[in-house]
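Biologist: Walk me through this model, feature by feature. Please give me the general idea before each case.

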Amino acid sequence: YPDLGDGYKFEAGDGNSLAIVNFENTVMVGTEILDYSFDSTFIIVSQRPWDVPNVPGIEGMTYDKRNVAFENSKFVQYWIINKKEKGEYSLDTLTKLAKYSNVYGPFQKQEYIQKREELGIPKELKLKE
C-alpha cells in the first residue's frame, strides 16, 4: 500500500481490512475502507463501518449475521484528513471517542461535499462512486 505522506500510512486491521494511522500509529480512520485518494495536503476516504449505523440491533447480532448485514449494507461514510494541519487531540466527552482536529468526519455524502468545498479540496481528488 502506498505511503500517504506526512507520516500517514495504512495498517492492516482484522482480516483484509485496512485502517489509516498517523506517525504515532494512532488510528485516524478505522477499518473497512472502501476507497481513498490523496495529494500533498489531503487524504479523502470512503468507509463502511463494521457497526453499520443503519442496521438496527447490529451490536447484538452473531458474527455471521452481522457479517451478512455488513455485506448487504449500502451505507457509506466519508472522512477527510488535512495532513498539513497539526492534529490536536481531544476526547469527545459525549461519545467518549478520541478526535483529532485535522480529521473531519464521519460525514454523510452531502456533508462531505460541503466540507470538501469549505476546505478547498481540488476537484481532481476524488473517490469512486
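Biologist: Which residues on the other side of α1 are exposed?

Modeller: Some ground rules come before that. This is a predicted model, where local features need pLDDT of at least 70 and side-chain atom pairs count only at pLDDT 80 or more, while totals for chains, interfaces and linings use all residues. Residues are numbered from 1 along each chain as its sequence is written, and side-chain values use heavy atoms, with hydrogens and water left out. Helices (H or I, at least four residues) and strands (E, at least two) are DSSP runs, numbered from the N terminus. Exposed means over 50% relative accessible area, buried under 20%, and partly exposed in between (1.4 Å probe, protein chains only). By that rule, Asp 64, Lys 65, Glu 71 and Asn 72 are exposed.

Biologist: And which residues in helix α1 are buried?

Modeller: An α-helix has 3.6 residues a turn, so residues three or four places apart point the same way. In α1, residues 63-72, the buried ones are Arg 66, Ala 69 and Phe 70. They lie on the same side of α1 because they cover an arc of only 100 degrees around the axis. That arc is taken from the directions from the helix axis to the C-beta atoms.

Biologist: How do I read the strand order in the sheet with β1?

Modeller: Start from pairing: two strands pair if DSSP finds at least two bridges between them. Here 3 strands make an open, antiparallel sheet in the order β1-β2-β3. β1 (9-12) and β3 (27-29) are the edge strands, each pairing on one side only. From one strand to the next, the twist averages 55 degrees. For such angles, axes are lines fitted to C-alpha atoms, for helices over the stretch in contact, and angles run from 0 to 180 degrees between N-to-C directions.

Biologist: How many bridges join β1 to β2?

Modeller: There are 4, and the two strands run antiparallel. Lys 9 has Val 21 in β2 as its bridge partner. Between β2 (residues 18-21) and β3 there are 2 bridges. Ile 20 stands opposite Val 29 in β3. β2 and β3 also form a hairpin with 5 residues between them, and Asn 25 in the turn has a positive phi of about 65 degrees.

Biologist: Are the faces of β2 covered or open?

Modeller: Both are covered. Leu 18 and Ile 20 are buried on one side, Ala 19 and Val 21 on the other.

Biologist: What order do the strands take in the sheet with β9?

Modeller: This open sheet has 4 strands in the order β4-β5-β6-β9, with antiparallel pairing. Its edge strands are β4 (33-38) and β9 (103-107). β6 (residues 77-82) and β9 are joined by 3 bridges. Ile 80 has Tyr 104 as its bridge partner in β9. Helix α2 (residues 109-119) packs on the sheet, touching β5 (42-47), β6 and β9. Contact here means heavy atoms within 4.5 Å.

Biologist: Which residues have the most contacts inside the largest nonpolar core?

Modeller: In soluble globular proteins, nonpolar side chains tend to be buried together. A nonpolar core is a set of buried Ala, Val, Leu, Ile, Met, Phe, Trp, Tyr and Cys residues joined through side-chain atoms within 4.5 Å. The largest has 14 residues, and Tyr 8, Ile 20, Val 29, Ile 43, Val 45 and Ile 81 have the most contacts inside it. β2, β3, β5 and β6 each supply at least two of its residues. Apart from it lies another core, of 10 residues, including Phe 42, Tyr 78, Phe 107 and Tyr 112.
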